[in-house]
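Here is my note on this model, point by point. Please keep the 3D view open as you read.

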Amino acid sequence: MKKLTKANYFDPTNKAISNSKVSDFLKSKEYYFKKHITRELKKRQTDPMKVGSIVDSILSGEEVPYSIKVFKYEDASLFEKQKNIPDERLVTRAMADKALELANAVMAQPFYDEYATHHAQFQRPVEGKIEGTSTCGLIDILTNRNGAWFIDDVKTTTERGAADPKHWYWHAQELGYFRQLGAYRQMLALELGTDPSTITCRHIVASKVEDDLFKVRMYILPHALLSQGWDEFEAVVKLIAQEKEWKDVPLTWESGVELTFGAQEEEMEEEQTEE
């Protein structure tokens, strides 16, 4: 395949494995097969995904890839024309307004001006290989500041999910965000010929607190968390490359999984209290 760019990143010809594909495989082998191999399943965007995509477009200065859906009473002519536009390309005015407010909240932060100062790259593709299997990622914002590299991933979420570091940790863990940046960091390090530990990764999290109040938080990801994320990404990519059956394992009584996470969390909190 030709060199990966933002323009061809989402093209069907891009067979490289991304973090979103890893998430699909972990969800279900059969789901992965039907979505990415036979393409029986259409790729669908949820409303939050569309809002996040609009925010990315605004921050990077690119054209927003959606049209605002109109009702017949607003514009009968445009309403008829939009019948030929797939739902995946349409958003409500409320979604567009929310995305604009979230993007404005990010751009209003003092740190944001430094992106221009240091010539930040927006929507920057990265590529790699794991035992011959191609991998890829799309960095939201990549900055080099005085020789040091920074990967910033902009996330939009509910206020509950971003309320504090603990809530964000579990939210990010559930959605594979640490695995995502662990993979991005590793691929970038390979490209630059540098140690992954020298690259700083951050989550820029924007949320809506109330109707006219939007809040932005910044969470810096520790090296250990990113290393764990990369290990998981690498392991799953190898499983995808080796998969032949594309069938989920039938459930038996013996294959039930005991939930111990709550107990582990309590133990971790007790250890931190003792320290």
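1. Start with one term. Buried means under 20% relative accessible area, exposed means over 50%, and partly exposed is in between (1.4 Å probe, protein chains only). L100 is partly exposed, with a relative accessible area of 40%. L100 lies in helix α5, residues 93-107. Helices (H or I, at least four residues) and strands (E, at least two) are DSSP runs, numbered from the N terminus. L100 and W230 are 130 residues apart along the chain, and their C-alpha atoms are separated by 33 Å.

2. A word on the source. This is a predicted model, in which local features need pLDDT of at least 70 and side-chain atom pairs count only at pLDDT 80 or more, while totals for chains, interfaces and linings use all residues. Residues are numbered from 1 along each chain as its sequence is written, and side-chain values use heavy atoms, with hydrogens and water left out.

3. Now the inside. In soluble globular proteins, nonpolar side chains tend to be buried together. A nonpolar core is a set of buried Ala, Val, Leu, Ile, Met, Phe, Trp, Tyr and Cys residues joined through side-chain atoms within 4.5 Å. The largest core here has 33 residues. Which of them touch the most other members? They are V22, I151, W168, L181, Y184, F233 and I240. Several elements each supply at least two residues of this core, including α1 (19-27), β3 (121-130), β4 (133-145) and α10 (223-242). Helix α9 gives the most, with eight residues. Another core, of 22 residues, lies apart from it; V55, A99, V154 and V216 are among its members.

4. Take I240 from that list. Contact means heavy atoms within 4.5 Å. Leaving aside neighbours within four places in sequence, I240 is in contact with I17, K21, V22, F25, Y32 and W246.

5. W246 is found in the loop between α10 and α11 (261-274). Is W246 buried or exposed? W246 is buried, with a relative accessible area of 12%. Its phi is positive, near 55 degrees, in a residue other than glycine. Most residues other than glycine have a negative phi.

6. Y32 leads us to helix α2. In α2 (residues 29-37), Y32, K35 and H36 are buried. These three cover an arc of only 80 degrees around the axis, so they are on the same side of α2. The arc is that of the directions from the helix axis to the C-beta atoms. An α-helix has 3.6 residues a turn, so residues three or four places apart point the same way. The buried residues of α2 pack against α1 and α10.

7. Check both ends of this helix. At the start of α2, a side-chain oxygen of S28 reaches to within 3.3 Å of the backbone nitrogen of E30. After α2 comes R39, whose phi is positive, near 60 degrees.

8. Next, the strands. Two strands pair if DSSP finds at least two bridges between them. β3 and β4 pair in the antiparallel sense over nine bridges. Within this pair, R124 stands opposite I139 in β4. The hairpin of β3 and β4 has two residues between the strands. E131 is found in that loop. E131 has a positive phi of about 50 degrees although it is not a glycine. E131 is exposed, with a relative accessible area of 64%.

9. Follow β4 onward. Ten of the 13 residues of β4 are buried, so β4 is largely enclosed by the rest of the structure. β4 also pairs with β5 (residues 148-158), in the antiparallel sense, over five bridges. The bridge partner of R145 is A148 in β5. In this hairpin, which has two residues between the strands, N146 takes a positive phi near 55 degrees.

10. One more hairpin. β6 and β7 have two residues between them. They pair in the antiparallel sense over nine bridges. C201 stands opposite L221 in β7.

11. Finally, the cysteines. How many disulfides does the structure hold? It holds zero disulfides (a disulfide is a pair of cysteine sulfur atoms within 2.5 Å). C136 is buried, with a relative accessible area of 2%. C201 is buried too, with a relative accessible area of 1%.

How values were computed. Polar contact = N/O pair within 3.5 Å; in protein donor to acceptor, adjacent residues only side chain to side chain.
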